Amino acid sequence: MADRPRVFVTRRLPGVAPLARLEEVATADVWEHARPPAAAEVTARAEGCTALLPMLTERIDGALLDACPTVHTVANMAVGYDNIDVSAATERGVLVTNTPDVLTDTTADIAFALLLAAARRVTEGERKVRAGEWGTWQPDWLLGRDVHGATLGIVGPGRIGRAVARRAAGFDMRVLYSGRREVADFPGEYVSFEALLERSDFVSVHVPLTPETAGLFGADVFRRMKPTAIFVNTARGGVVDQQALRDALVRGEIAAAGLDVTTPEPLPPDDPLLEAPNLVITPHLGSATAQTREAMADLAVDALCSVFVGERPRHLVNPDAWSHWRGRR
Ligand code: DGY
């Protein structure tokens with residue numbers, strides 16, 4: 001069994017089937033702890049491996065790939081791959097794959113859950129009930145904003161943005177979107193980023209974290225939004241200047257925010273962001289349903305099953321690496 005591939009899996013996989021399938025074709029070394037391995041532990045465990053199956057919590061860069069020259073594939077269990085230095089992988093002939101599609105609707109669901117919760121003050125209301133602060137029904141108590149009939153601005157009309165737009169139709173919302181270019185048959189009106197900020201009652205972010213989008217939502221952007229606007233981020237914490245968001249909420253420059261992603265993750269309980277009013281926050285649950293997480297693990301395993309028989313994997317993030325793939329040497 002000297003040629004049996006070895007894979008470092010950086011966390012226990014959801015469901016039983018994905019790991020069982022992986023173990024049919026490879027020896028899987030699974031990190032059994034709830035907390036992610038530190039960078040040095042990833043490097044130590046990756047040594048001698050054929051492939052890695054990391055989560056978005058592990059940084060995979062050129063230094064790691066140089067230290068582990070046997071690693072020819074990184075099958076990220078996420079659609080986002082900002083945790084991986086893809087250029088470094090491509091230069092070294094290492095394939096990188098991700099897990100798109102299977103989490104689109106699940107992530108759109110949580111964007112909508114945050115939008116509704118922030119608009120209708122759901123978590124704030126629950127906190128008041130539990131704290132014994134539910135005095136009586138009052139005509140002017142905990143008034144939120146209507147979702148139905150409002151204007152939703154989607155920044156990033158990709159798969160998840162489109163799925164959010166579909167949900168908005170059920171709430172009779174008007175949908176605007178902005179992005180690098182107009183998208184044929186996107187269910188909404190294409191506008192500039194600035195027009196979207198000025199016209200939207202809700203702004204929902206669906207862009208990947210790249211050097212171009214890092215810190216995109218800063219003080220000027222929040223100032224441009226309506227004072228009644230609600231900001232929702234289920235993409236990556238890094239697209240937001242968190243201090244600017246906190247200030248915008250404290251000063252009432254926007255009405256509320258719903259966040260599933262932050263910088264850092266986990267967000268420490270004493271982070272100043274948590275002092276902001278009208279903030280609904282969840283711990284990066286975008287894809288967190290049993291069905292979707294298992295489907296993501298399955299896709300990552302599919303990618304490894306393909307490469308182990310020399311086939312190009314379906315969701316290859318860096319097709320340029322294929323021509324000089326390390327695994328073919
Ligand atoms: C992803 O796959 O990028 C998501 O953020 C995971 O929840």
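How many Å should the 19 residues of helix H11 (residues 290-308) span at 1.5 Å a residue? The expected span is 1.5 Å times one less than the number of residues in the helix. For H11 this gives 27 Å, and the C-alpha atoms at its ends are 27 Å apart, which agrees. The model is predicted: local features need pLDDT of at least 70, side-chain atom pairs count only at pLDDT 80 or more, and totals for chains, interfaces and linings use all residues. Residues are numbered from 1 along each chain as its sequence is written, and side-chain values use heavy atoms, with hydrogens and water left out.

Helices (H or I, at least four residues) and strands (E, at least two) are DSSP runs, numbered from the N terminus. Buried here means under 20% relative accessible area, exposed over 50%, and partly exposed in between, with a 1.4 Å probe and protein chains only. The buried residues of H11 are Thr292, Met296, Ala297, Leu299, Ala300, Val301, Ala303, Leu304, Ser306 and Val307. They pack against several elements, among them strand S1 (6-9), helix H1 (17-25) and helix H5 (104-119); contact means heavy atoms within 4.5 Å. Strands S3 (51-53), S4 (73-75) and S5 (95-97) also belong to the elements that the buried residues of H11 pack against. After H11 comes Gly310, with a positive phi near 80°.

The next topic is the open sheet. Seven strands form it in the order S8-S7-S6-S9-S10-S11-S12, with parallel pairing. Two strands pair if DSSP finds at least two bridges between them. The edge strands, S8 and strand S12 (279-281), each pair on one side only.

From the S8 end, two bridges join strand S7 (residues 174-178) to strand S8 (residues 189-190), and the two run parallel. Within this pairing, Tyr177 stands opposite Tyr190 in S8. Four of the five residues of S7 are buried, so the strand is largely enclosed by the rest of the structure. S7 is also joined by five bridges to strand S6 (residues 151-155), again in parallel. Thr151 has Arg174 in S7 as its bridge partner. Between S6 and S7 the chain passes through helix H7 (residues 159-170), and this β-α-β crossover is right-handed. Right-handed means that, with the strands pointing away from the viewer, the path from the first strand over the helix to the second runs clockwise.

S6 pairs with S9 in the parallel sense over four bridges, and Gly153 stands opposite Val203 in S9. Strand S9 (residues 202-205) is in turn joined to S10 by four bridges, the two running parallel. Here Phe202 stands opposite Ile230 in S10. S9, helix H9 (residues 219-224) and S10 make a right-handed β-α-β unit. Four parallel bridges also pair S10 with strand S11 (residues 256-259), where Ala257 is the bridge partner of Phe231. The chain goes from S10 through helix H10 (residues 242-250) to S11 in another β-α-β crossover, and this crossover is right-handed.

In a regular strand the side chains alternate between the two faces of the sheet. In strand S10 (residues 230-233), Ile230 and Val232 lie on one side and Phe231 and Asn233 on the other; all are buried, which leaves both faces covered.

Thr228 is partly exposed, with a relative accessible area of 30%. Not counting residues up to four places away in sequence, Thr228 touches Arg145, Asp201 and Ala255.

The structure holds eight aromatic pairs. Rings of Phe, Tyr and Trp (its six-membered ring) pair if their centres lie within 6.5 Å; planes under 30 degrees apart count as stacked, over 60 as edge-to-face and the rest as tilted. Phe193 and Phe217 form an edge-to-face pair, at 5.7 Å centre to centre and 80° between the planes. This pair links distant parts of the chain, 24 residues apart: Phe193 is in helix H8 (residues 193-199), and Phe217 is in the loop between S9 and H9. Both Phe193 and Phe217 are buried. Phe222 and Phe231 form another edge-to-face pair, at 5.2 Å and 90°, and both are buried. Phe193, Phe217, Phe222 and Phe231 form one aromatic cluster.
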